Amino acid sequence: MIKRLRYQFILISMSSVGVIFCFMLFAINISMTVSMRKDAIFTLQRVIENQEQEPLLKKGDIAGKKVPRISNLKRTTVAKLNDNGQITAIIDNGNKNLSRDEIQQLTEEIYKAGKENGMVQENQFLLHKTSYGYILAFMDCSHELENTRRLVNICLVIGILAVGVLMITVIFLSNLVVNPIEEGFQRQKQFVADASHELKTPLSVISANVSVLEDMYGENQWTSYVQTEIERMSRLINDMLKLVRMEQPAVTSSGEPFDFSKMAMEVLLPYECLAYEQGKQFMYEVEPGLKFNGIRDSLTQMLHIFVDNAFKYSEARGEVKVTVKKIKKKICIKVYNTGEGISENARKQIFQRFYREEDSHNRRTEGYGLGLSIAQTILDLYHGKVNVLSDGQTYASFEIQL
């Protein structure tokens, strides 16, 4: 469990750093692009202002006639259009990114689209309406765009290296932080295991002495009470030992293939007698021929826990339903029972050790709140999932996937 939390901490930390880094990279790219376009539009406005001061072309002038370059406004091209969108002149101010044919084609497309500004082929354009027609100015922004791409690539390489160094640092620091916690957790588990073993001996002695007393003086309600509590304590100790054993690193989900359907039937059939004694309606459906690779005994115990839980918490003359079938290569088990249900708050905690919901029917039933915790531990060994459904009033349903 501690190892899984460590991996989750590393994943969350690095994901957060990755998201922040991507956001910063995106912000740098956007800010530089916006700044470049603003500068380009400012330059094009100067070009257009300059061209508005030029005398109009006289009748008979040739469309596409070159006009001397405008000083200090290099890498720009201007196309003058009449009211019908026909080019009357092209002024080349050193934009080597566009040929005359490309300018003519782009001018026609921009005029038809009616766009006032934008980017085409790494050129910022600006369309301006005049008293005699239109002025369309282009500026070559390939140099600025290349610088932006180069800066983004440099930031990307540096960022990846920085994230790599940070990841190594986080892994190293997480070891330092987690090791004391893991050691404390291991000591706690060892204490539980040792205490459970130590408690078994006095319980055995007490049980033997009670049996002697019953032989000498006969069975009575007091000795019966003692034996009942000894049995409850024995079950608690055994459950605690099971949890400790299943959490040991040596315990894995490896096993042998077995008939899961047959195992499920062996678990469910004895509950027919219990349902008859309690006057409850018990229905079950098991798809035949289901195979599973695992430890049969642990999975049998897991299914017993869920079914026994359904019988415990269903109301008098209530209903219990169990279905076992295969859905999309997964064995799906559904255990449903009518009753008081499970509150939303309890649904988040019922798999915790010793948890029992306050002020509910849970307090009126036997148990120490370890059963579902054991079942969850078994499911974790097989990467299984369990979903708890309930309206908190009339029913509870556990949906398990293996």
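This is a predicted model: local features need pLDDT of at least 70, side-chain atom pairs count only at pLDDT 80 or more; totals for chains, interfaces and linings use all residues.
Strand 5 covers residues 134-140 and pairs with strand 4 in the antiparallel sense, over 7 bridges. The two strands form a hairpin that leaves 4 residues between them. Within that turn, glycine 133 has a positive phi of about 155 degrees.

Strand 4 also pairs with strand 3 (residues 117-120), again in the antiparallel sense, through 4 bridges. Asparagine 123 in strand 4 stands opposite valine 120. The hairpin of strand 3 and strand 4 has 2 residues between the strands, and glutamine 121 there takes a positive phi near 50 degrees. Strand 4 (residues 123-129) is largely enclosed by the rest of the structure, because 5 of its 7 residues are buried.

An open sheet of 5 strands is arranged in the order 7-9-10-12-11, and its pairing is mixed. Strand 7 (281-286) and strand 11 (385-390) are the edge strands, each pairing on one side only. From one strand to the next, the twist averages 10 degrees.

Strand 7 and strand 9 (residues 319-327) run parallel and are joined by 6 bridges. In this pair of strands, valine 286 stands opposite valine 324 of strand 9. Helix 7, residues 296-313, packs on the sheet and touches strand 7, strand 9, strand 10 (330-338), strand 11 and strand 12 (395-401). The directions of helix 7 and strand 10 make an angle of about 20 degrees.

## Nonpolar core

The largest nonpolar core has 44 residues. Those touching the most other members are Phe260, Leu299, Phe306, Ile333, Phe398 and Leu402. Helix 7 gives the most to this core, contributing 8 residues.

What does phenylalanine 398 contact, leaving aside its neighbours within four places in sequence? Its contacts include Phe306, Ile333, Val335, Ile342, Ile350, Phe351, Leu372, Val386 and Val388. Asn309, Lys334 and Asn387 are also among the residues in contact with phenylalanine 398.

## Salt bridges

Side chains of opposite charge can pair when their charged atoms come close. The structure holds 8 salt bridges. One of them joins the side chains of arginine 150 and glutamate 146, at 3.7 Å from N to O. Both residues lie in helix 3 (residues 142-217), 4 residues apart, which is about one turn of the helix. Arginine 150 counts as partly exposed because its relative accessibility is 41%, and glutamate 146 is also partly exposed, with a relative accessible area of 35%. Salt bridges with shared partners join Glu122, Glu146, Arg149 and Arg150 into one network.

Lysine 291 and aspartate 259 meet through their side chains in a salt bridge of 3.8 Å, N to O. This pair links distant parts of the chain: lysine 291 belongs to strand 8 (residues 291-294) and aspartate 259 to strand 6 (residues 256-259), 32 residues apart. Is lysine 291 buried or exposed? Lysine 291 has a relative accessible area of 56%, so it counts as exposed, while aspartate 259, at 24%, is partly exposed. A further salt bridge is formed by lysine 321 and glutamate 319, whose closest N and O atoms are 3.3 Å apart. Lysine 321 is partly exposed, with a relative accessible area of 35%.

Methods:
Residues are numbered from 1 along each chain as its sequence is written. Side-chain values use heavy atoms; hydrogens and water are left out. Two strands pair if DSSP finds at least two bridges between them. Axes are lines fitted to C-alpha atoms, for helices over the stretch in contact, and angles run from 0 to 180 degrees between N-to-C directions. Contact means heavy atoms within 4.5 Å. A nonpolar core is a set of buried Ala, Val, Leu, Ile, Met, Phe, Trp, Tyr and Cys residues joined through side-chain atoms within 4.5 Å. Buried means under 20% relative accessible area, exposed over 50%, partly exposed in between (1.4 Å probe, protein chains only). A salt bridge is a side-chain nitrogen of Lys or Arg within 4 Å of a carboxyl oxygen of Asp or Glu.
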